[in-house]
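Hi everyone, thanks for coming. I'd like to walk you through one structure today, so let me put it up on the screen.

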Amino acid sequence: MTGSSSAAFSDTLINALKSILGPGGLLTQDTDTAPYLTDWRGMFHGKAFAVARPASTEACAKTVKLCAWHKIPVVPQGGNTSMVGGATPDDSGRALVIVMSRMNRVRDIDRIDNTMSIDAGVTLKAAQDAALDAGLMLPLSISSEGSADIGGILATNAGGNNTVRYGNARELALGLEAVLPDGRILNLMRRLRKDNTGYALRQLFIGSEGTLAIITGAILQLQPKPKSIETALCAVADARAALELFAAFRNAEPSAIQAFEFMSGLSMQLVNTLIPDAPLPLAEPSPAYVLVELASPRGGDTLRGLMEEVLGKALEDGLVSDAVLAESEAQRQAFWKLREEHSEAQKRAGTSVKNDVSVPLSAIPEFIDRATTACKKLIAGIRVAPFGHIGDGNIHFNLVQPEGADGAAFLACDHEIMDAVTAIVRDLGGSFSAEHGVGQLKTYMMPAWRGGAELDVMRHIKTAIDPEGIMNPGKMLPEVG
Ligand code: MLT
Ligand code: ZN
C-alpha cells in the first residue's frame with residue numbers, strides 16, 4: 001500500500017464518507033493520518049483506513065451509521081493525549097478514527113444557570129478561556145489542556161489539578177450529547193440539577209473511554225471567576241509532611257483550597273534541568289515539594305492572610321522548610337509550569353512506566369515508601385519520580401529508566417514494574433488507575449481488579465449498547481478468553 005491508507009477499502013465507501021463529511025472531512029493519505037495513529041507517549045502505533053473529521057453531530061452520526069452497516073471499527077479520538085493508548089487503533093488497518101476537531105464551537109454560556117453548552121471538539125484551554133471571557137470559570141485543569149478536548153475529557157472522566165475542590169469531569173457535566181454505535185443521536189442536553197427520570201445515562205457514557213458512544217457535545221457547570229488567588233510553592237521533607245500541610249489548610253478553611261499538588265525532588269529536578277525556563281524558585285532543592293493554591297470569588301486580602309498564617313505556622317513547626325508565594329500572575333504561571341511540565345520532562349529523560357494510582361490519603365506515605373523499595377529492588381538505578389494530586393489521594397508513581405540504560409529494555413519490564421506497584425496499591429485499598437483510565441495498556445488488569453460480577457455487568461452493558469463491538473475495540477474491557 002503506498003501513499004493512501006484507504007487503498008484496501010472500496011471507492012464506494014470512501015466516496016460515501018467524503019460526501020457525508022464534506023471537503024477536508026476525510027483524511028486518507030498516510031502523511032495526513034499519521035499524527036492520529038501513534039499515542040502521545042509513543043508506545044502504541046496503529047493503522048486506520050482513514051481519519052474522519054465531522055463538522056456536525058449529524059455528520060458524525062451518519063458516519064457511524066455507515067460504519068455500523070459495514071461493521072467497521074470506530075476509534076474516537078480527542079486531543080490524542082491518552083496515557084494508556086486509549087485512542088490509538090489496532091494495527092489491522094480496518095478502523096476509522098473519528099476526531100472532533102472541526103466541532104469546536106462554544107454553543108452557549110448561561111450566566112444564570114452557570115452553564116456552558118459546548119461541542120466536543122473544543123480544547124479544554126479554549127473552553128476555560130471562553131468561560132473566563134464571560135466572567136466565569138470552568139473549574140477543570142489538566143497538564144494537557146492545550147490539546148485535550150471536551151469529548152476526550154468526558155470520555156475519560158479526567159480529573160487533574162482542581163478535583164480536590166470541584167470534582168472530576170463527571171461532576172461538572174449536567175448534559176451530554178452522544179452518537180451511539182448504530183448511528184443514533186442520544187440527546188441528553190438537559191441543564192437540570194434535579195432529574196430523577198430513569199438511569200443516569202450520561203454518567204454511563206462519561207468515563208466509558210469511547211467504548212459505548214462518541215461524545216459530541218456537553219453542558220458543563222461553571223463557577224464564579226475567582227477574584228483572589230494565592231499560590232505557593234513549598235519545600236517539604238516527604239509525603240507525610242505534605243499531607244500534614246494539607247490537613248493544616250483544610251482545618252483552617254477547607255473551601256479555599258483549589259489545588260494541592262505533590263512533587264518529588266527527583267521529578268522536580270527533571271523539570272528544572274530538562275525544560276527550558278523552569279528554574280526552582282527556592283534557595284535549595286528539597287526532597288519534595290507542594291504546590292498549593294487558594295482561590296475565592298471574593299476580593300480583598302483574606303486569602304493572603306490565610307496562606308501566610310498556615311505557612312507561617314508550618315514553617316515554625318518544621319513541616320515546611322521553605323516557601324515562596326506568587327507575587328504576580330506571571331509568577332503563578334511559572335509555579336504551575338513547574339508542575340505541568342512533569343510529564344514532558346519525564347518523556348525527555350527517556351522511557352517511563354506510569355502508575356496513575358490512588359489510595360486513601362492516610363496510606364500515601366506507606367504506599368510511596370513500599371513502592372519505592374519494591375521498584376529499586378526490581379531494577380538497579382531505576383529513577384523513582386512520583387508526583388500528583390495528593391489532595392485527592394492520586395499519585396502518579398512514575399518510574400524513569402536508569403540513566404544511560406536502554407529505553408526499550410526498560411519498557412519491556414513495564415508489566416513487572418506495574419504489577420509490583422499495584423500489588424501494594426491493592427493491599428492498601430486503592431485503584432490501579434485513578435484518572436488516566438484503562439485504555440489498551442491496562443486492560444489486562446481488569447479481570448484481577450474488576451472481575452466477577454463487576455466485569456460481567458460491564459460486559460453486558462457493552463453488548464447491549466454495542467452488540468457488534470465496533471466502538472473502540474480492544475480498550476478498557478479485556479477480550480473474553
Ligand atoms: C499529570 O497530572 O500531569 C498527568 O496526569 C501525569 C502523568 O504523566 O502521569
Ligand atoms: Zn494527573
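Before we look at the metal, a word on what I mean by a donor: an N, O or S atom within 2.8 Å of the metal. Water is not among the atoms, so a site may look incomplete. And please keep in mind throughout that this is a predicted model.

With that in hand, which spacing do the donors of the zinc ion, ligand 2, follow along the chain? The pattern is H-x6-H-x38-E. The residues behind that pattern are His389, His396 and Glu435. Both histidines coordinate through NE2 and the glutamate through OE, at 1.8 to 2.2 Å. Are His389 and His396 buried or exposed? Both of these histidines are buried.

Asp392 sits in the loop between β18 and β19, the latter being residues 394-400. Its relative accessible area is 28%, so Asp392 is partly exposed. If you want a sense of scale, Asp392 and Ile98 are 294 residues apart in sequence, and their C-alpha atoms are 32 Å apart in space.

Now let's step back to the overall layout. The protein chain is divided into four parts: domain 1 covers 11-99, domain 2 covers 106-224, domain 3 covers 228-342 and domain 4 covers 350-434. How far apart are the C-alpha centres of domain 1 and domain 3? That distance is 42 Å.

What holds my eye next is the largest nonpolar core, with 61 residues. The members that touch the most others are Leu245, Phe249, Phe367, Phe397 and Leu399. Helix α9, residues 239-252, gives the largest share of this core, 7 residues. As a general point, nonpolar side chains in soluble globular proteins tend to be buried together.

Several elements each supply at least two lining residues, including β3 (74-77), β10 (214-221), α12 (329-340) and β18 (383-389). Which element gives the most to this lining? That is α5, with 4 residues. By class, the lining has 15 nonpolar, 24 polar and 9 charged residues.

There is also a cavity to show you: the structure holds 1 cavity of 30 Å³ or more. The largest cavity has a volume of about 40 Å³. Its lining consists of Leu124, Leu138, Leu140, Ile150, Ile153, Leu154, Ala169, Leu172 and Leu220. Here the classes read 9 nonpolar, no polar and no charged. At least two lining residues come from each of α5 and α7, the latter being residues 169-172. And α5 turns up again as the element that gives the most to the cavity lining, with 3 residues.

Asp149 counts as buried because its relative accessibility is 5%. From Asp149 to Pro402, which are 253 residues apart in sequence, the C-alpha distance is 34 Å.

Glu209 has a phi near 55°, a positive value in a residue other than glycine. You will find Glu209 in the loop between α8 (201-205) and β10, and with a relative accessible area of 8% it is buried. The other one is Met476, which is not a glycine either and has a positive phi of about 65°. Met476 is in the segment after α18, residues 453-465, and at 12% relative accessibility it counts as buried.

To finish, here is a residue on the outside. Is Glu309 buried or exposed? At 54% relative accessibility, Glu309 counts as exposed. Glu309 belongs to helix α11, residues 302-316.

Terms used. Residues numbered from 1 in each chain as written. Chains lettered and ligands numbered in written order. Predicted model: local features only at pLDDT ≥ 70, side-chain atom pairs only at ≥ 80, totals over all residues. Heavy atoms only, no water. Nonpolar A, V, L, I, M, F, W, Y, C, P; charged D, E, K, R; others polar. Donors = N, O, S within 2.8 Å, 3.2 Å for Na, K, Ca; no water. Buried < 20%, exposed > 50% of the residue type's maximum accessible area, 1.4 Å probe, protein only. Domains from an automatic or database assignment. Core = buried A, V, L, I, M, F, W, Y, C linked by side-chain atoms within 4.5 Å. 1 Å grid on protein atoms, 1.4 Å probe; cavity = no way out; pocket = protein on both sides within 12 Å on 5 of 7 lines; lining within 4 Å. Points joined across faces, edges and corners; volume = space filled by probe spheres on them.
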